[in-house]
Amino acid sequence: MGIKRPFIWILASYLAGLAVYEADFKAVLAAGTGMLLAILVWLLLPQRRRQRLTNYSFLLLLPLLFLMGYMQINKELLTPAADKAFKQKHKARAQGEVSLVEETEKYTRLTIKESVLSIEGGGTYQDLKLLVYIDDNEKYRAGNKVEVSGSVIKFTKASNPGQFNEYLFYRTKKYHYKFYAESVTILNSKINSYHQTLFTIRKQLTATYYKLLSEKNAGILTAMMLGDTNNLDADIKELYRENGISHILAISGLHISLLGLTLYKIFRRLRVPLFLSTAFTLLFLYSYGILTGFGVSTNRAVVMMGVYMAALLVGRTYDLLSGTAFSALIILLQSPLEITSAGFLLSFGAVIGIGTVYPALQNALSGKEMDGQRKPDRQKKPDGQKKSDKQRKPDEQKKPDRQKMPDKKAGPSFRKAACNLILQTLLTSLSAQLILLPILLWFFYEMPAYSLFVNLLIIPLSSLLTILAFITVLAGCISVPLGVFLMGSVNYILEFYEGVCRLGSKLPYKSILTGRPEILVILIFYAALFFFVQWNKKKGRRLSLLLLLSFVILLVPVKERHLEVVFLDVGQGDGIFLRFPDGTTMLVDGGSSDVKELGKYRLEPFLKYKGIKRIDYAVITHGDSDHYSGVLEFMQPEYKGDIRIKHLILPGVSLKGEAYHNLIQAAEKRSAGVSVLSKGDSLERGGVYLSCLWPDKGVIESSGEASDTNSHSIVLSLRYLEFDLLLTGDLEGMGEGEVTKEIEEGKPQKRIPIYYDILKVAHHGSKYSSGSEFLHAAAPAYSIISCGADNSYGHPHKETLKRLMDSGCRILQTPESGAVMVITDGKNMRIEEWSKGG
């Protein structure tokens, strides 16, 4: 007997190759060769050699797949040669063939494959895949060869914990750069008829959905059925996410299975031969995949359906887990980086959960052996082998019909059938979510508290919704009134979905925020789940259900007793997060002049990554928007997120300016306390002592520099045992001089340290800040500069950098390091740079 499910072994070997991508090639080659030799020796051993060669010869593929995985992932992660020709954005031209056209109300987006990119003053580069954005309304077709001119732009890498990694997302899809076109020239009118036909069908179906439904519900169905999320209502998207049913908005295996099997059965009913029925069905599914953009879940489902159809052709039994492994291998061979994407892991994780955890749950709850594992003598005899009346004993022989009494127990009652259906749906949902929980927390840092029950109401209607949405849109293409009539039921289901989600969002504790769990915690959880499945393979053990309680370790973040300071990369601005040993949280500034919606795209993802919903103290050092724009976002009425600010702290100066007025008004509407900090004020939390060195309102007003917001920036001196930190806002001019005196006068009294471990450099490294006298007084070991890459202000200025180097400190800059994280127990200090892998 051979090894069961060889595709799982093959996939595991390929994944091992992906996992060791940073290893030395010689070591990997030696490991692969050693693996191959060991397999060959084992296969060629004299005893039972023929049996091993017959049943286990596939093992020879394992070293090959291992090496292939290693080489492919390294190739995928190679930096394109064009990267060295420009920094972030540059004038360029490109030529290539259009392979995909996506039209929205605001712009047209083209995918240009095999393109030649010519960078102005930087050389020519070939065989690139570009994502081109165009503002004009020209009709482009798949297959057109075009020349575009404009600006080539690198995808943005995540520079903060929790931030969306645009670079990795598009590299997974094999895009190299995005391109904002100023002009486009169609060089030839050649058209890829197959792809263009599918694109035309997609447009027609989209237009029909919008004719038959409201804009909101049409946006849902185009996302659900056509994979187009461009016009999906943002409120609906967030509502579905909050309730854990975002998977409804993606093309799923359910869609593919229903459409494929329905079409296959129609062909068979029409007496189309088996081979042709299978071929036509697979062609339809492949075309549907291209039409919808071939997302991960679509790709998975199409390959799995292909395996299923192939099994029908050759008369073999289809195995869910083998089909899943084969599908995953096909996708990863095309794009190895998919292994890092949430879509891939969630799509395959759900299937694995249903294929492994679901049977184990059924078995454990029943406490018996599963039907498929009963002993032969306990199995039912096949149809056609029942005893005839003559073979039965007299008391077993069939009685005349008139003597037959009604059996009240014959057949399950409707109530019992309904209960079984609900239980099966609940167990299916639970099985998938147990596998997916660590993945959800890894990528999204929180889990919807009621998603299991919401899915219990949503999932049973999914099959009906898919079939109705497909049939009615086809009817709508022929007759709009008929389509509107038939689409009524679809509309009711969508309204039901929305009603259930809105109810779920109003319930208390609608989500559990944990932050990103540690790798070790995830491994412990999956180990417990693995043992649960293994112990319930042959016979159910109800006591093993206690192992499922291990999910609690994922939901209870470990509280670490240390001080954490994170200098976030907010572009041209400042944003400093502090978490004290007792759990108190503080945000010193949080704004940017070049990153739009800073709160939504950088601050909130970071805070959720850390498992934080509440900021105890938000300190705004002064009234420039590049220091408060993100904080103000959190306090706006239209803000729908979870981050709340408990206390807003402003500088102790005249607060008559518009910026301060807006901050105070927003804080009051959000019921946040408002207070001010002035020279001499202090705060102590969890052993951390904060003292305010500046501003002094009296000195500022008497000097006549009250209008200079930079000079009245809040300056905070932080001490935690032997660790000292100085935060300076945009301090310069008269304010810097006064703080320099305060530092020098405070040293003899031991109010101020002899030297600071960390200095946050004032005003983003401006030429007019961080003078030599100030640096001599502060004597920092490390200085951290927060500024935007290639900013128009020239920050940090070369003269400032020279003064910092002359002072003997090590300089870190957020454009290069990304977020700079400082972790200390008060004696030892660890500094991690996010963009350099910590």
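A: Two strands are said to pair if DSSP finds at least two bridges between them. Strands themselves are DSSP runs of E with at least two residues, helices are runs of H or I with at least four, and the numbering starts from the N terminus. Keep in mind that this is a predicted model: local features need pLDDT of at least 70, side-chain atom pairs count only at pLDDT 80 or more, and totals for chains, interfaces and linings use all residues. Residues are numbered from 1 along each chain as its sequence is written, and side-chain values use heavy atoms, with hydrogens and water left out.

Now, let's look at strand β16, which covers residues 715-720. On one side, β16 pairs with strand β15 (residues 688-694) in the antiparallel sense, over five bridges. Here V715 in β16 has W694 standing opposite. β16 also pairs with strand β17 (residues 723-727), again antiparallel and over five bridges. In that pairing, L718 has L725 in β17 as its bridge partner.

As for cover, five of the six residues in β16 are buried, so the strand is mostly covered (buried means under 20% relative accessible area, exposed over 50%, and partly exposed in between, using a 1.4 Å probe and protein chains only). As background, side chains in a regular strand alternate between the two faces of the sheet.
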